Amino acid sequence: MADLLQIENLSAGYGEAVVLNGVNAALAEGETLALLGRNGTGKTTLMNTLAGATRQHGGRIVLGGVELHRLPAHERAAAGIGWVPQERNIFKSLTVHENLTAVARPTRTGSGNRPWTPERVYELFPRLAERKTNLGTQLSGGEQQMLAIGRALVLNPRLLLLDEPLEGLAPIIVEELLRAIARITRDEGLSAIIVEQHPQAILRISHRAMVLDHGSVVHNGAADALAAQPALLDGLLGVMRKTGEAHAA
Ligand SMILES: Nc1ncnc2c1ncn2[C@@H]1O[C@H](COP(=O)(O)OP(=O)(O)OP(=O)(O)O)[C@@H](O)[C@H]1O
């Protein structure tokens with residue numbers, strides 16, 4: 001399958017500081033990539049760089065034939081990047097419905113799937129339908145995350161970037177979000193990159209897995225192969241194998 005995303009020799013960081021060094025990666029249309037690594041290894045910096053929110057020092061990023069690295073951050077959503085940052089970008093002073101309608105946009109040409117509309121987001125996340133008229137400030141952490149994902153979806157992106165979407169959420173909400181993310185990606189074929197601290201949960205719903213260490217790629221391969229090698233995974237993530245907890249799904 002043709003690559004949707006190509007990252008070539010990417011270097012980026014903040015100001016003069018270089019965090020990512022010579023990163024190469026590719027993602028085919030319809031694939032989900034689990035982006036893993038210890039704390040501070042550059043995962044968020046890579047997501048931010050795709051969204052145009054860091055300083056790029058070198059290399060190329062091409063999305064569906066468009067040279068993304070040449071575009072300012074505010075043009076990258078129109079080019080197909082649906083970014084859900086760690087801090088859950090929602091307008092807290094607007095209602096759930098206003099958040100979804102303030103950005104809703106028709107599907108891009110060529111997309112085979114039904115376009116994402118606020119109604120489809122409510123179907124995906126019934127909790128949001130119940131909270132339509134609530135302000136962003138009145139939502140739980142899980143509901144805010146659902147709304148942040150919904151806001152990215154109604155832009156009808158080609159590539160969804162989810163940065164630690166499960167962080168700090170109760171197990172029941174984590175399961176609900178995982179089911180929704182699997183539906184969006186695996187069932188509906190939207191390409192995605194997911195940064196996550198729960199590797200096994202996210203590897204289960206991903207096609208590919210990439211591990212960063214010190215801003216460089218130290219592993220890139222099939223997600224199921226990595227999930228099947230817990231010792232390798234632990235080694236890559238620097239996990240101490242004392243309790244076995246790291247393998248819990
Ligand atoms: N705004 C910033 N300005 C300067 N340095 C930063 C900034 N944000 C992150 N860094 C540095 O970049 C490096 C990579 O951080 P990054 O947040 O990308 O890692 P991460 O793998 O996402 O970690 P975590 O899992 O803890 O979120 C770290 O050394 C961090 O201190």
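Trainee: Is asparagine 9 buried or exposed?
Mentor: Asparagine 9 is exposed, because 11 other C-beta atoms lie within 10 Å. The rule counts other C-beta atoms, placed from the backbone, within 10 Å of a residue's own: 20 or more is buried, 12 or fewer exposed, and anything in between partly exposed. Before going on, note that this is a predicted model, in which local features need pLDDT of at least 70, side-chain atom pairs count only at pLDDT 80 or more, and totals for chains, interfaces and linings use all residues. Residues are numbered from 1 along each chain as its sequence is written.

Trainee: What is the phi of asparagine 9, and where is the residue found?
Mentor: Most residues other than glycine have a negative phi. Asparagine 9 has a positive one, about 50°, and is found in strand S1 (residues 3–14). Helices and strands here are DSSP runs numbered from the N terminus, helices being H or I of at least four residues and strands E of at least two. Arginine 88, also not a glycine, has a positive phi near 50°. Arginine 88 lies in the loop between S6 and H3 and counts as buried, because it has 21 C-beta neighbours inside 10 Å.

Trainee: In what order do the strands of the open sheet run?
Mentor: Two strands pair if DSSP finds at least two bridges between them. The open sheet has six strands in the order S6-S7-S8-S3-S9-S10, with mixed pairing. Strand S6 (81–84) and strand S10 (216–222) are its edges, each pairing on one side only. From one strand to the next, the twist averages 15°.

Trainee: Which residues stand opposite each other?
Mentor: Leucine 36 stands opposite valine 211 in S9. Strand S3 (residues 32–36) and strand S9 (residues 208–213) are parallel and joined over four bridges. S6 and S7 also run parallel, with four bridges between them, and isoleucine 81 has leucine 159 in S7 as its bridge partner.

Trainee: Which residues of S6 are buried on each side?
Mentor: Ile81 and Trp83 are buried on one side, Gly82 and Val84 on the other, so that both faces of S6 are covered. Helix H6 (residues 141–153) lies across S6 and strand S7 (159–163), at about 170° to S6. Such angles run from 0 to 180 degrees between N-to-C directions, with axes fitted to C-alpha atoms, for helices over the stretch in contact.

Trainee: Which residues of helix H3 are buried?
Mentor: An α-helix has 3.6 residues a turn, so residues three or four places apart point the same way. In helix H3 (residues 96–103) the buried residues are Val96, Asn99 and Leu100. They fall within an arc of 90° seen down the axis, so they line one face of H3. The arc is taken over the directions from the helix axis to the C-beta atoms. Their cover includes helix H4 (118–124), helix H5 (126–130) and H6.

Trainee: Which residues is alanine 79 in contact with, apart from its sequence neighbours?
Mentor: Contact requires C-beta atoms, placed from the backbone, within 7 Å. Leaving aside neighbours within four places in sequence, alanine 79 is in contact with Leu63, Val66, Leu68 and Leu71. Alanine 79 lies in the loop between helix H2 (73–76) and S6, and is partly exposed because its C-beta neighbours inside 10 Å number 18.

Terms used. Two residues are in contact if their C-beta atoms, placed from the backbone, lie within 7 Å.
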